[in-house]
Amino acid sequence: MQPRAADAPDAFRARDTAVPAARGEHTHSERPIPDPRPAVQRSSVRGQILDALRTALVTGELKPGEVYSAPVLGERFGVSATPVREAMQQLALEGAVEVVPNRGFRVVERGARELAELAEVRALIEVPVMLRLARTVPGERWAELRPLAEETVRAAASGCPATYAESDRAFHRALLALSGNEQLVGIAADLHRRSQWPPVRRGRAYLVADAAEHMALLDALTARDLEVVRGLVEEHFAGAG
């Protein structure tokens, strides 16, 4: 999945960089301000590990039902177990893994029913929002999102599920961002990510068809065709389960 410690790319290794001390007045009675660099580095490494683990989940390299330990995964990435454990704890909050005491983290197993429920909830949230946006957002704003839709088409053509999953989330996130409701965007993004784990084995043809619906949806939103918008969004989510 990823190179072992000896071959790990530099991007997964924390680096020590010199940061000049801040200038200003200082008295002997003052306590020095703790150097924030280690925390920043740890957060950066954790973020990179989190992205890599999410990709591994989408591609199926981390298999549903299997237990993975932070030290073993840390060896693969060439980092200590700490940022891996922190990343896994974030994935546990997102519902992708669950903690197994004294062993590590088990990748969740989702059945067809749970995936269908996630798709239903997404539709309940996003369909009315899309209908409202279709009535209020001017056509030029939809045109600004066309490059994102085109990116999903290119990602689908690549046949890589991780690449497509990322571009798919970016497109839906940009659509919902036009609502101006950050809470909505966050909740929808969490549901979207959950619906992508574990990966459903689908070929390039499915990805291409799914991406084509993005283009059709933009056309319908631009034309303010509410019935077509409703049908496309509902069909899009129905096929996601």
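Is Arg122 buried or exposed, and what is its relative accessible area? Arg122 is buried, at a relative accessible area of 4%. Buried means under 20% relative accessible area, exposed over 50%, and partly exposed in between (1.4 Å probe, protein chains only).

This is a predicted model: local features need pLDDT of at least 70, side-chain atom pairs count only at pLDDT 80 or more, and totals for chains, interfaces and linings use all residues. Residues are numbered from 1 along each chain as its sequence is written, and side-chain values use heavy atoms, with hydrogens and water left out.

View A. A salt bridge is a side-chain nitrogen of Lys or Arg within 4 Å of a carboxyl oxygen of Asp or Glu. Helices (H or I, at least four residues) are DSSP runs, numbered from the N terminus. Glu126 is buried, at 3%.

**View B. Arg154 pairs with Glu151 in a salt bridge.** Their closest N and O atoms are 2.8 Å apart. The two sit three residues apart in helix H6 (residues 146–158), separated by about one helical turn. Arg154 is partly exposed, at 49% relative accessibility. Glu151 is partly exposed, with a relative accessible area of 34%.

**View C. Arg194 forms a salt bridge with Asp190.** The closest N and O atoms are 2.9 Å apart. Helix H8 (residues 182–195) holds both, four residues apart, about one helical turn. Arg194 is partly exposed at 22%, and Asp190 is partly exposed at 29%.
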